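Have the model open while you go through them.

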Amino acid sequence: MKKKIIITNILFVLFIILENASLFYFFKAEILTQGKNAWCLFLSSLLFGVVVLYKFYGATILKEEKKRSIANKVSFVVLPLAFLGGLYWLFTLYLDLFTRLGIDPSYSDIIPTIQVLCRRLLAGEYPYNVISMCGYTQQVTYLSMHWLPYTIAEFYKFDPRWISSSIWALAAILIFVRSLKSPNIYVRCLVPVFLVVGNSLIYFNTSGILGLTIEIMIAGYYMMMVSGLNQKNGIIQGLFISFCLLSRYSLVLWLPLYAYVLYLSGNRKQLYLSVATVLTVAIFSYVIPFLSKDWSILYRGYKTYDSGAIFEWTRLQDRGINKDKPLMLFSGTGYAYFFYTRLENLDVLSRIKLMQKVHLFCSLGIIIAMSIWYRYKHNKIDYRIFLMASFKIYLSVFLFLIHVPYEYLMITGNFVTIVLLIE
């Protein structure tokens, strides 16, 4: 058993290093090509979840008594101060970035679109009317938790990017506070390092993610959700799941597995509370105020993804090693590059549609496979461990096969790994 723990802990460190190196270094430094880097990122992410299952399969989870050593007592003072110092350092980086990089729809329409939605809401208008920007008209695809928090910034007239970073910081504080319960002083010491360094890597390698997108907020949502999966409070789980569900569609195919695991493990009250919470948040934050006024916005929003995908598949780079290839398909992430280069006999839309089918088939396939596995092995593993690990495995497949593998989407998977390790 001790040998198993040592091996899995080594693998955890290895996979975290590989995942971060693939995301921030290998491809940009031209150490790995597009295909090799994408596979390295995918496998390091996927295998992390698999190793979690392996480590805890057949293990008995016990409550460990905290040691009252001097080092432990000192850590409860030093670590919070160090963590707050790390957050302050991150926010100084953000301040510098936001000062240098303005919000310009010609660079990215994500934040400008959110600002339009917020202004309409505050003016008493219907937010989901079509938006005209930079010479084109689009139907808004964003669900409520993707943009509603930014009404605070619009109302008080400050940079909306502070909302994104603040939500991530709140999630990081939650994870840090939970980590203080760990009896292992080494784990408690590593938590601030993982969280602060993981965030700073984005700033120093792909600062546009922080300045042009809101993905750090989405990462914060998913960090809270993974932490919630390791708790037995159905309301907390439902609240965090609703944040994720109403910001991105990513976890929707995993939710039936979540429900099945709670039902089979006998945690049915927790399941019912979670479902009730998700429905309540969805109804009052999206269905009643917005969707009920125009039921077609979901369909029209979904169709917008096709035109957006075609744009990304036909927007070619004019320099670099991937000259004359789509930037978003050749940025070191995802498997879309394979469909683009190997199926040139098909037109672009046909290739996209085929990849969407493969994406759906594989995402459902991994869910079905894990459901079957859990059906026969649920007595050998704690249901909370399985929920967290299964989500990591599913998300790895989902992001790898998504038809436009934006680099900023991948940071969510990276923070899910960090939180899973901590939890």
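1. Ring pairs, as used here: rings of Phe, Tyr and Trp (its six-membered ring) pair if their centres lie within 6.5 Å, with planes under 30 degrees apart called stacked, over 60 edge-to-face and the rest tilted. On that rule, a cluster is linked up from Trp39, Phe42, Trp313, Phe330, Tyr335, Tyr337, Phe338, Phe339, Tyr340 and Phe400.

2. Ground rules before going on. Bear in mind that this is a predicted model: local features need pLDDT of at least 70, side-chain atom pairs count only at pLDDT 80 or more, and totals for chains, interfaces and linings use all residues. Numbering starts from 1 along each chain as its sequence is written, and side-chain values use heavy atoms, with hydrogens and water left out.

3. The aromatic count comes to 40 pairs. One of them, Tyr335 with Phe339, is edge-to-face, at 6.0 Å centre to centre and 85° between the planes. Both Tyr335 and Phe339 are buried (under 20% relative accessible area, where exposed is over 50% and partly exposed is in between, using a 1.4 Å probe and protein chains only).

4. Tyr394 and Phe398 are both buried.

5. Two arginines sit over rings (CZ of Arg, or NZ of Lys, within 6 Å of the ring centre and within 35 degrees of the ring normal). Arg351 is over the face of Tyr340, 5.3 Å from the ring centre, and Arg375 is over the face of Tyr376 at 5.5 Å.

6. Salt bridges (a side-chain nitrogen of Lys or Arg within 4 Å of a carboxyl oxygen of Asp or Glu) number 10. Glu154 bridges to Arg119, with the closest N and O atoms 3.1 Å apart. Glu154 is in helix H6 (residues 151-156) and Arg119 in helix H4 (residues 110-122), so the pair ties together parts 35 residues apart in sequence. At 11% relative accessibility Glu154 counts as buried, while Arg119, at 44%, counts as partly exposed. A network of salt bridges links Arg119, Glu154 and Lys157.

7. How far apart in sequence are the parts tied together by Arg178 and Glu423? Arg178 lies in helix H7 (residues 161-179) and Glu423 in the segment after H18, so the answer is 245 residues. The closest N and O atoms of this salt bridge are 2.8 Å apart.

8. A cavity is a set of points on a 1 Å grid over the protein atoms alone where a 1.4 Å probe fits but cannot get out, and lining residues have an atom within 4 Å of a point. Of its 13 lining residues, Leu41, Ser45, Ser396, Leu399 and Met410 are closest to the centre. H17 gives the largest share of that lining, five residues.

Definitions and conventions:
1 Å grid on protein atoms, 1.4 Å probe; cavity = no way out; pocket = protein on both sides within 12 Å on 5 of 7 lines; lining within 4 Å. Helix = DSSP H or I, 4+ residues; strand = E, 2+ residues; numbered from the N terminus.
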